[in-house]
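Hi everyone, thanks for coming. I'd like to walk you through one structure today, chain by chain and then contact by contact.

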Amino acid sequence: MNIAQQIVNGLVLGSGYACVALGWTILLGVARLVNFAHGQLYMLGAFVTWYAMVKVGMPYPVAILAAIITLGILGALLQSAMMRLVMTQNLTSLMIVTLGFGYVLQGGSALIFGGNPQTLPGTLARAKVDLGSLWFTWQDVLVFVATLLLYGAVWLFTQKTRFGSVIRAVAEDPKLAELFGINAKVVYLLVFMFECGAVALGAALVAPRSPILTSMGFNEVIMTFVVVVLGGIGSIGGALAAGLGLGLFIAFFGAFVAQAYTTAAAFALLLILLVIRPAGLATK
Amino acid sequence: MSTIEQSRSGSMSGTRAAIFVVLAAVGFFLPKLLGGTSVAYSTLTTIAIFAVMCYGIDIVLSYLGEVSLGHTLFWAIGGYTAANLSVKYGLNGWSTALATIALCIVAAGFLGAVTLRTREFVFSLVTYAAAVVGYEIAFNWDAIGGSDGIVGIAALKLPFGFATFSGLTQEDLWPVAFALLLLTLLFLARFRHSKLGTAALMVQMNPALAASLGIDPRRIRLAVFVLSAPITGLAGWLYAYQRAYVGPDMFETYFLVLMLTAVVLIGRRILVGPLIGTAILIAQQNLFSLGGDWNKIVLGAVLALVLIFWPAGLIGLFRRAGGSKLNW
Amino acid sequence: MSKIIRLAAALLFAFAAPVMAQDIKVGTIFPLSGGAGPDGQTVTNSVKLIVDQINAKGGLLGRKLVVVSKDDESTPAVGVSRANEMIAEKADVVIEGWNSPVTLAMQPILARAGVLDITAVSKSDLILSGQSNPNAIRINSSNGFDAAVIAKYVVNTLKAKTVAFLTENDVYGNGFQSAVEAEFKTMNFPGKVVATEKFAFKDTDFRVQLTNLKAVNPDAIIVTNASNSSGLPAMVEQYRQAEIKSAFVGAVGIMLTNVFKVAGDANNGIVSADIYFWDLPPFNSIPESNAFAAAFKKAYGADPDKGAALGAAAVQVWASAVEATKSLDKKTVAEAIRGKTIKGTVFGDATFLPNGQLQPRYVVFKVVDGKNAKLEALPQ
């Protein structure tokens, strides 16, 4: 009973991690860009969804779309500002620029949306499912299904479509890709927009679990690091496996050892794995 | 080198030494010149300590071209070592400083070995992971302080054989902070011309040439990383005495962002860059604070805009505007 | 001869120096941005309200009071900067502290500079026992007192046979749990502590811990979660979703406005205690409290919560002591508070222990209508 419920818990947590990590790992894999604003973008995605539902009155699915579009546009603007640095592959400066963007987003959101916690009504987060003695919500089901669909779609896109192979070419060797006539700028722009849109979707689906605050952000996505590095940078299947695996690990570690130390355990696990297999994770 | 060049460089270094001495003297008396108030002393002491903290990360960035997100670990090791050893065992400042250096070297040795073959963002992520683990350990391990940390750290005691320096007030600590800053600057100036320093730069800029000269990049990487740790560690050590309180907050991103910003704001491999950057940031926070939210917006905007327009730092603006060829 | 010179000198100074009634500076350092921003803002607003009231009555020692409020951003390093600024601006008293680490960092700075430091909300025991500030004063209750109230309810009223803990994993949470367990021992609790589950302050998902607790099914679960704006409301909702039958007993002071606002009716049935409710006995019969509540509502459009009361009491206690001793000196004023009783605060008579801790009066309550934050006071 306990075990079964903890497996359910693990899958729920894990699909959340995987969903939020997808955009980040693709951005990292394709553009080698560490987006330090990821957490604040997550927060902004949640707040745009909230604003759309509560202040504008949109139904939940439309609000999700609004969040994705809004953040996509924001992503385009940010990437255009960073374009020169991206083209010259000035990675250290890029990292810090995204850190700066994250700070602006945090301060700005606090001024616009205020410091009080908000809830997202009208989602499925309160709709419980009882399967025998197991319990979870329809929102959890939504997150799980949406994550699988999203990963499936992205995988198909990158593996089976022409544009997907263009992206993979740019990820592999941007200079060579340019020689073949691929416009790397457009690719980078679209990938960054995808990351922003994907994290908006993740936020719209996962954030309703608990009240949202403009000061949240970094903490929500801290597991993204672990998921991405464990799964292999840029690896779509890896991120899904690592996300779900991490969720299960946390559920069981929390159930049988101590929930309070799960962050420490996850990061220690990461460090240990890197000690044992440093070469494997230094790829790309 | 011809005799003419030799003598020119000789007089050049003589002038530069003189300039350095004058600046050092002015720097030492700066708090007095700014009014001698306790706030002047505490602000300048804080700037000195934070600047030394930044130099650790600066070495890694300038000489290895990597962004270490784990230097808060060494900062915290310094603080916790000073706090624990002085509160629990009553050790004096020299002992705690030596312990700090030793522990930082060990920690950096381990972390450096782990990250030896990682590059760029993986290196950054791994160093970040190390800082997170360090935070969790410090937060949960009650024996070294736990979540509330250690209070009541006694004043810094540095016995000199015949007399003991006791750093009770901010005025007392200033000479120690200033001395630490000066030592760090001198060290960095020397390091830039040392074998290790030039080898590291060569590895960063022209790996093929370095390999052909028989330089082992991995040894260089590890050495530079290990060298950078005690610098940040000693800053943390002094911070513990200044604040008389040490806690897991030493791991907070507040310090990490301060370090990164100060280091990239002015420019790479500029000796006084981190110092000026730190001074600007602390001055803004203390004198021109616009409230927590606006401060974030301003800081973030400055960071992003400076690096977008002048990826080499503000010094790029200075040079473009026709600045002198001073080798800072 | 020297006496005449001294007298002459004194007269010279008295006539030469312009007689300026300098304003008395009341400094406040609380988080005004970030997660705890709204809470810190409430306390600061409350301080301003009381200061305005004092000024309206002619000020203190014939001088006007001025509030200087600063934001510590819940970051100890920033708090230290703000404390240094307060010293530079020659604040006569600093009322501070929502997060314990920030208070602990600021204490030695303010103490060294001889500025009186009154901690309004931070709960760490080290604030009083840490010796960083020999004249420490704290208004909010301590874990030791809190534990007695909760233990009493669980043992005597609830008569629970099995008890579990759901505890925030830091000094505050662990300290409270230890204190409750110690109380159990003192009271010869016939029951058993069957499980302990912990979580981090920032956590918002508790299904793993709740699953474990549900399996154990204790009579009561004592919950310690200070994250009133995100973690606790989420925990309450998840607790109900998991259909845990055990009684939810909240640690003292955790059921704040945001918890009711967000979790609404999920809170129904929760039993907890706190040290101030403007509309419950004994506070609703204290004239100063009623006056304060009315004024607060008028000025800020909301009823005052415990945080507001703590801010108000801090000012009232300090002002009383200053008035009584006719002094602004840190030691003199502190000694008029520590170990003494101050009358006329929103808490009624405020009695302080010699170590600076205000003795709290508790209201034990059950939530009857969570959406409207309606509480029913329980006998103690």
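What radius of gyration does chain C have, with its 380 residues? The value is 23 Å, which agrees with the radius near 21 Å that a compact globule would have. For the record, the radius is taken over C-alpha atoms, and the globule rule is 2.2 Å times the number of residues to the power 0.38.

A quick word on conventions. This is a predicted model, in which local features need pLDDT of at least 70, side-chain atom pairs count only at pLDDT 80 or more, and totals for chains, interfaces and linings use all residues. Residues are numbered from 1 along each chain as its sequence is written, while chains are lettered from A and ligands numbered from 1 in the order in which they are written.

Staying with chain C, we have 13 helices and 14 strands; these are DSSP runs numbered from the N terminus, H or I of at least four residues for helices and E of at least two for strands. Its C-alpha trace spans about 90 × 40 × 35 Å along the principal axes. Buried residues make up 59% of the chain, where buried means 20 or more other C-beta atoms within 10 Å of the residue's own, with C-beta atoms placed from the backbone.

Now chain A. Here there are 12 helices and 2 strands, and the order from the N terminus is α-α-α-α-β-β-α-α-α-α-α-α-α-α. The radius of gyration of chain A is 19 Å, close to the 19 Å that the rule gives for 284 residues, so chain A is as compact as a globular protein of that length. In chain A, 57% of residues are buried.

On to the contacts between chains. Two residues count as touching if their C-beta atoms, placed from the backbone, lie within 7 Å. Nonpolar covers Ala, Val, Leu, Ile, Met, Phe, Trp, Tyr, Cys and Pro; charged covers Asp, Glu, Lys and Arg; the others, Gly among them, are polar.

And between B and C? The contact takes 23 residues from chain B and 28 from chain C. H2(B) gives the largest share of B's side, 3 residues. By class, that side of chain B divides into 5 nonpolar, 13 polar and 5 charged.

Conventions: A residue is buried if 20 or more other C-beta atoms lie within 10 Å of its own, exposed if 12 or fewer, and partly exposed in between; C-beta atoms are placed from the backbone.
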